[in-house]
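Work through these exercises with the model in view. Try each task before reading its solution.

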Amino acid sequence: MVQRSLFLFAVLYGGMTCIAGVLGNKQVALPGGLAVEAGIFAFLLLVVLSSAIAELHGRDAANRLVRFGFVPLLASMALILLVLQLPPSPKMEPERMQGFQLILGQSPRLMLAGIIAYGISQTLNVTLFSALKRGERLLWLRAGVAGVLSQIVDTLLFITIAFWGVFPIGALLGGQMLSKVLLSALVVPPLIYGFVALGRRLDR
């Protein structure tokens, strides 16, 4: 029998893999003049969920979750590509059609960058979070270290693969990395505490 926390967190995890790329089309302003693509909020939830499952159900279960996450991710990309190729209804407003194409018409290179960055950074997060475990202590520290380092790797991989040779990526890389590191350090640890507590309550 699948424990309730594992089932609920897995369902939420699959949804976050699909929506992260859509949210990433918006740049969000942060204090201090920083900016970050909004997909980071979904991605941080992926980090939190995989870490919470590693804490509750072990490293192997969390790694399986990361691998299974490719299923909704790839399925959603395939459906997007299919829908983009289908002819639009003549009744559809041109503005709506243009917006749809703009938001969802990502290049194959961007999609590939997202897939690679997701797989490597999420696996790294689970690996670090689990390797640093020493009993029940220092959950906040393990969460912060694993979250920050996985976000650095995610940013390096995604921006390099997606934009190398298109334009100079130094400023974009530095700004995105700083923003994501700050968010990871501030947001991930308390959320993991919350999800671990929720998972334990669900599994009673």
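From the N terminus on, the protein chain runs α-β-β-α-α-α-α-α-α-α. Its 8 helices and 2 strands are DSSP runs, numbered from the N terminus: helices are H or I with at least four residues, strands E with at least two. This is a predicted model, in which local features need pLDDT of at least 70, side-chain atom pairs count only at pLDDT 80 or more, and totals for chains, interfaces and linings use all residues. Residues are numbered from 1 along each chain as its sequence is written, and side-chain values use heavy atoms, with hydrogens and water left out.

**Exercise 1.** Compare the radius of gyration of the protein chain with that of a compact globule.

*Solution.* Start with the rule: 2.2 Å times the number of residues to the power 0.38, with the radius taken over C-alpha atoms. Next, take the box along the principal axes: the C-alpha atoms fill roughly 60 × 45 × 25 Å. Last, check burial: 38% of the 204 residues are buried (under 20% relative accessible area, 1.4 Å probe, protein chains only).

**Exercise 2.** Classify how H2 and H3 are arranged.

*Solution.* Find the helix axes, which are lines fitted to C-alpha atoms over the stretch in contact; angles run from 0 to 180 degrees between N-to-C directions. The axes of H2 and H3 (residues 59-68) come within 7 Å and cross at roughly 150°. Therefore the two helices are roughly antiparallel (over 145 degrees; under 35 is roughly parallel, 65 to 115 roughly perpendicular, the rest oblique). Now list the contacts (heavy atoms within 4.5 Å). H2 supplies Ser50, Ile53, Ala54 and His57; H3 supplies Arg59, Ala61, Ala62, Leu65 and Val66. By class, that contact has 6 nonpolar, 2 polar and 1 charged residues. Ala, Val, Leu, Ile, Met, Phe, Trp, Tyr, Cys and Pro count as nonpolar, Asp, Glu, Lys and Arg as charged, and the others, Gly among them, as polar.

How values were computed
Buried < 20%, exposed > 50% of the residue type's maximum accessible area, 1.4 Å probe, protein only.
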